[in-house]
Amino acid sequence: MPERILVVDDEPNMLRLLKTILMDKTGYEVTTTNNPLEVSKLLQDSHYDLVVTDLKMPLVDGIDLIGIVKNIDVTMPIIVITAYGTIETAEEAIQKGAYDFITKPFRKETILITIKRALEWKRMQGELAALKKQ
Amino acid sequence: MTTLKRAWQRLTKATPGKTQAELAEKYTHFQALLSANNQVLTLMADMEEKLSGDYLFDLQYIRAAVSQLHQETAKLVDALNGLGGNRYQGLSEALARISREVEAVLTHRREIPVAPLVIDFEAINATMGDVVGGKNANLGEVKNRVGLPVPAGFAISTHAYKVFLDHNHLAARLTELLGHWRLDDLDSLARVSEDLKQMILAAQVPPELEAAITEAYERLAAREPRRPRVAMRSSAVGEDLTLTFAGQYATYLNVAPESLSSRYKDIVASLFTPRALFYYKNKGFKEEEMAMGVVVMPMIQARASGVLFTRQPDDAGQEAAFINAVWGLGRYAVGGVINPDHYLVAYQPPGQVLAQTIPPKEVMLVCRPQGGEAEVPVPPELVSAPCLDQGQITQLVHWAATLEAHFAKPQDVEWALDETGALWLLQSRPLQLPPPKTPEPPARTLKEHAVLIDHGTVACRGVGAGPVFLVRRDADLKNFPAGSVLVARHTSTKYVTVMPQTAAILTDAGSPTGHMALLAREFQVPTILNTGNATQILQPGQVVTVDANYNNVYAGLIPELLELRHKKNDLADSPVFQTLKNVVQKIVPLNLINPEDDATFSPSHCRTIHDIVRYAHEYSMREMFRLAENEIDTAGEVVDLDSGLPIKVRILDLGGVLKRGWGRKVKPEQVDSLPFQAFWKGLTAMRWAQAAPAGVKSLSSVFVKGEAEVAQGADPWRDQSYVVLAKNYMNFSIRLGYHLSTVEAYVSDQVNDNYLTFGFRGGGSTPERRERRARLIEAIIDHLHLNHRRKGELIEARLAKYPAEQMAQRLTLLGKLTHYTKQLDMVLFSDSIVEWYIKDFVQEHVGK
């Protein structure tokens with residue numbers, strides 16, 4: 001089953017580009033929204049393996065969004081996209097439970113590798129939890 | 001300066017180290033310049049790299065890069081002025097001018113053009129996006145230039161929007177309110193958005209605008225069988241064109257003529273939703289660039305409506321269009337309320353339905369008599385019936401083919417079928433498609449092909465192929481055959497003249513942040529630098545394929561690699577990409593190509609930051625070269641080199657070079673200067689006659705015939721060499737016998753900074769012998785692969801951007817050459833002997 005990724009960014013162009021890049025040659029299924037308020041409903045309505053979100057958005061910012069996502073699924077890896085020079089916020093995001101952050105501008109390959117690692121991490125977490133249960 | 005005066009100075013130390021301090025200061029400027037030069041080149045390379053299509057970046061990146069670039073270039077120009085006694089004010093002015101131009105690109109403002117308040121569709125086309133907004137512009141294009149049935153209608157222009165703001169004195173308030181929120185305060189955003197909305201709704205549509213709208217409506221009504229209600233849609237600047245405003249603005253259907261003005265205000269107010277505001281601010285647009293046009297067209301009493309994609313989004317490669325359809329008005333075709341009909345229709349044969357689903361459609365939207373829309377049940381006989389018949393399907397697929405042919409891009413079309421069975425096009429915009437799946441990239445090295453070179457530094461990625469053309473000197477460029485692979489020892493900005501016809505570039509040396517590398521990226525010429533030996537491995541005329549993605553050069557043409565040449569850049573359409581592209585256009589292209597041409601190589605000819613940098617770098621080297629000529633004679637603090645050889649050398653230390661006590665003499669091994677050590681090694685590699693080989697007096701008595709020649713080199717006091725030294729720098733003015741030459745070099749770990757200059761200035765001898773000597777030196781210099789030119793007996797040579805060890809190697813050879821030719825002064829009695837000595841030196845010292 002292909003892995004499903006939810007991408008949240010208020011900027012439609014960025015969203016379009018991210019979707020293009022994440023789907024090109026990967027086999028991921030990508031859903032995008034430019035409305036962070038919609039995220040919790042999207043996550044509740046269907047299954048996702050990973051969330052990629054911009055840090056700076058109107059109405060709900062990326063840091064708040066981490067809390068919202070973690071409330072719905074604590075194991076969901078979240079990758080945060082930050083602007084150049086906002087390293088403190090990026091660190092805050094990690095403390096709030098983001099899996100990793102990636103700073104604009106970035107190479108297409110970089111985000112693909114980060115996503116791959118995050119998905120592997122999630123699989124391992126799942127296997128670990130299953131082992132503990134036995 | 002007389003001996004006496006010097007001695008006096010030494011004794012009294014009347015000007016202790018003053019000149020030395022000045023020189024040291026100049027050297028500090030020079031180092032600052034080199035450092036800034038590297039920063040600027042690196043920044044430019046970085047910006048170009050972002051245009052490769054491999055990166056995601058935002059406007060903030062462009063701002064930061066431009067600001068850094070400006071700072072470093074200013075440092076560079078200041079340093080040159082420091083070095084040249086403020087002689088380069090013209091360059092400061094050029095920088096100020098170019099910076100303003102870059103800033104103008106960055107803060108590019110869309111002016112709202114002055115235009116009529118309303119414009120009929122008949123007078124609109126795709127170039128009028130700024131005048132009528134994106135949606136109107138597309139509709140006008142389809143109606144007038146594509147010739148598909150678009151209802152008669154009119155646009156309310158963006159100028160009308162400006163008139164509306166001005167009439168109510170809203171522009172200033174708008175700016176003020178927009179100033180009330182910051183990106184990091186989102187509550188204030190919601191407040192400001194609400195305030196703006198209220199402000200617009202409370203405003204009055206100016207009487208002249210109201211009159212113009214009414215008049216346009218009456219013109220429209222006169223063409224219809226009855227007074228129509230209208231659809232009013234937002235048509236913001238940029239909407240449906242390059243910017244994507246994912247349905248952020250308002251649309252009103254079934255509007256009564258008396259409501260036109262109030263609906264107009266509603267649509268204008270939708271320009272200020274929180275999302276739109278954030279988008280604008282975040283993207284660095286100015287509020288005066290926000291402008292709203294409005295589409296007004298008669299309401300089609302739709303029997304059915306839907307969407308036509310000229311490509312199926314899941315499989316854009318398939319030669320088929322995709323249609324969905326609902327009964328009644330079109331909003332339910334995309335809204336997800338009901339399941340629409342789906343038709344997948346072939347282009348060939350046109351209209352052949354490849355697949356269709358006709359689900360039951362229980363409800364539909366219709367126009368309410370009092371205005372607006374209402375949901376009503378679908379008549380039972382239509383619930384499970386298809387909305388379109390074969391003729392209509394065929395007609396729509398014809399539209400699709402026509403639109404794709406016209407726009408050269410897949411389109412997303414809204415259509416309606418009226419009560420008479422006629423189809424109408426209501427909107428057309430580019431269809432966003434996921435990119436087609438590309439095949440896996442081939443392995444890094446194709447084992448089945450002969451790899452000729454597998455190392456180097458990639459300066460511009462890509463693949464190119466063609467016959468090898470060796471460029472040994474600039475003159476070779478005149479004969480460069482189009483489509484060839486340019487192979488050269490070092491990089492040169494002069495290659496730019498052939499770059500548009502160049503399949504690929506390979507060089508032995510060079511840096512990916514150097515001037516030429518920037519140009520190669522600008523022209524998208526696949527380029528590998530620093531291969532070390534491309535000029536030796538590749539034969540002229542040999543056909544090769546250069547894979548500058550993986551640093552390989554293959555023998556012959558390799559079609560599977562060449563197929564990868566045209567990679568798609570899915571970022572190229574985005575506004576931020578366009579902005580960077582426009583900014584880079586003001587920064588990277590190089591216009592100052594030929595430093596020998598004073599008419600064009602000047603500050604007033606600088607058009608880009610790259611020109612400034614090129615100019616400053618060139619002139620900094622000239623300033624440094626002149627250091628010794630102009631200043632050394634008056635230097636106060638010099639020490640003598642105690643070499644044990646019959647050569648008198650005075651050293652001026654720019655700082656930290658001499659490891660010595662208080663003595664007035666230093667031994668060569670006490671000199672901590674990289675270029676000096678390399679040069680000295682060469683100078684002393686060959687056996688020196690221990691006695692002064694030919695006393696100045698005795699030699700001059702052989703050759704010097706008159707006063708003029710005495711002045712040229714026979715003054716015994718002038719037979720003194722000077723060297724200005726720093727750890728990475730040497731400027732050596734050598735006077736040996738009848739040789740006057742200058743060897744200047746900067747050698748460090750920064751490949752970009754490294755250069756050496758050799759200037760041979762001749763010296764007393766007979767004309768024939770001077771000619772032979774110059775020819776000998778020129779020939780040997782050519783074997784050392786230095787760029788050189790000769791005017792009479794003056795020879796100038798230069799080499800730049802080689803790694804430190806290679807620079808040192810060349811300096812050692814120049815040291816040997818200096819000594820070698822000096823010893824030959826006595827024996828250059830015939831032309832044939834010159835050839836012999838050239839061969840002798842090359843075989844002995846250069847190799848090959």
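Let's start with Ala408(B), which sits in the loop between helix H15 (390-407) and strand S13 (411-418) of chain B; helices (H or I, at least four residues) and strands (E, at least two) are DSSP runs, numbered from the N terminus. Keep in mind that this is a predicted model, where local features need pLDDT of at least 70, side-chain atom pairs count only at pLDDT 80 or more, and totals for chains, interfaces and linings use all residues. Residues are numbered from 1 along each chain as its sequence is written, chains are lettered from A and ligands numbered from 1 in the order in which they are written, and side-chain values use heavy atoms, with hydrogens and water left out.

**Positive phi**
- Ala408(B) isn't a glycine, yet its phi is positive, near 55 degrees.
- Ala408(B) is exposed at 66% relative accessible area (buried means under 20%, exposed over 50%, partly exposed in between, with a 1.4 Å probe and protein chains only).
- Asn530(B), also not a glycine, has a positive phi of about 60 degrees.
- You'll find Asn530(B) in the loop between strand S20 (527-529) and helix H17 (534-537) of chain B, and it is partly exposed at 30%.

**Cis peptide bonds**
- Lys104(A) and Pro105(A) are joined by a cis peptide bond, omega about -5 degrees, and Pro105(A) lies in the loop between strands S5 (100-103) and S6 (106-107) of chain A.
- Gln348(B) and Pro349(B) are linked in cis too, with omega about -10 degrees; Pro349(B) is in the loop between strands S9 (341-346) and S10 (353-357) of chain B.

**Cysteines**
- Cys387(B) is buried at 4%, and Cys460(B) is buried at 3%.
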